[in-house]
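Please read the following report alongside the sequence and the coordinates.

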Amino acid sequence: MITVTFIRHGESMDNLRSVWAGWKDAPLSNHGMNQARAMGESFATTPYTAIYCSDLKRAHSTAQALLNAQTTDPLPPFTVEPDLREQNFGQAEGNAWSAASTGIDVQNKIYPVITNRVDSFPDGESLNDLAARAGRALDKCVVPWILKSKGEKAEETHIAIVSHGLCISELIGVLLKRAGSSDPPRMYTGLSNTAWTRLVVGARDEDRLDSVTLSEKASDLPLSVQVTHINVSAHTRNLIRQKGGIGSSEFDPKQQDIRAFFGGGGISKQ
């Protein structure tokens, strides 16, 4: 058994705008960096076995804040995994999104919310595409630790995965599906910036682990999954956005003083 904590990135500059932002690589705002630091400090004494993160700036910076706050020695390995990226919105990236009921109009740059799992914007990913990629990410970031954990208590191996709202909901959905659960991914959406959700994950039949290798199809390994925490953001309770526009400015690491669709809650995942 292992423990997996999924953490959404801090507020990005694009979170402050009503635009489609999946692979569009916006940095954290100053407020987002403060959220990330508060999250990191809340986990300072939590011994992580490994930290994984998306390669997009907003997730990478958040994961780095988690690593920087660690007081354990040695520090956990830090791995950047592109398959942990947010959903790719293709030609919609950077364009305004709306709740309009009309269809996609590329010429006029109208990109309404897609309400099913199979369609996508031109050159983008559908939710089913994202789920497939999430499965690949789990095979690289989670399954190897399960194979190593036979006979161990869940707290002995604890990994952090810093990613994006929609991606996290699909990661959890894939794990639950492999465990035989009928819970839809939408139950784990609407994550706040830097909020975390935690699962205890293991092989349903640990005796089988002796014969399973990474060369086998990892998705064939039946899992046991228990969701223990959902959308926890107590670490941001006392954070106040800096005034004068500073909090909503791009974070600059050289400076000292210096909302919830993309939490995964803006799309119906029927």
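## Strands and sheet

Strand β7 and strand β8 (residues 223-232) pair in the antiparallel sense over seven bridges, where two strands count as paired if DSSP finds at least two bridges between them. The model is predicted, so that local features need pLDDT of at least 70 and side-chain atom pairs count only at pLDDT 80 or more, whereas totals for chains, interfaces and linings use all residues. Residues are numbered from 1 along each chain as its sequence is written, and side-chain values use heavy atoms, with hydrogens and water left out.

Helices (H or I, at least four residues) and strands (E, at least two) are DSSP runs that are numbered from the N terminus. The chain holds five helices and eight strands, and from the N terminus on its elements follow the order β-α-β-α-β-β-β-α-α-β-α-β-β. Of the 270 residues in the chain, 51% are buried, a term that means under 20% relative accessible area, with exposed being over 50% and partly exposed in between (1.4 Å probe, protein chains only).

Strands of a sheet pair through backbone hydrogen bonds, either parallel or antiparallel. Six strands form an open sheet in the order β3-β2-β6-β1-β7-β8, with mixed pairing. Its edge strands are β3 (78-80) and β8, each of which pairs on one side only. Strand β7 (residues 196-203) is mostly covered, with eight of its eight residues buried, and strand β1 (residues 2-8) pairs with β7 in the antiparallel sense over six bridges. Individual bridge partners are listed below.

| Residue | Bridge partner | Strand of the partner |
|---|---|---|
| I2 | V201 | β7 |
| V201 | V225 | β8 |
| R198 | H229 | β8 |

## Packing of two helices

Two packed helices are described by the angle between their axes and the distance between the axes. Helix α1 (residues 30-42) and helix α2 (residues 57-69) pack at an angle of about 35 degrees, with their axes 8 Å apart; here axes are lines fitted to C-alpha atoms, for helices over the stretch in contact, and angles run from 0 to 180 degrees between N-to-C directions. In this contact (heavy atoms within 4.5 Å), M33, A36, R37, M39, G40 and E41 of α1 meet S61, T62, A65, L66 and A69 of α2.

## Helix α3 and A131

Helix α3 (residues 127-141) has 15 residues and reaches 20 Å from its first C-alpha to its last, close to the 21 Å expected at 1.5 Å a residue, the expected span being 1.5 Å times one less than the number of residues. Its buried residues are L127, L130, A131, R133, A134, G135, A137, L138 and C141, and what covers them includes β2 (50-53), α4 (143-148), β6 (158-163) and α5 (165-178).

Within helix α3 lies A131, which counts as buried because its relative accessible area is 18%. When residues up to four places away in sequence are not counted, A131 touches R117, E170 and V174. A131 and I172 are 41 residues apart in sequence, and their C-alpha atoms are 9.6 Å apart in space.
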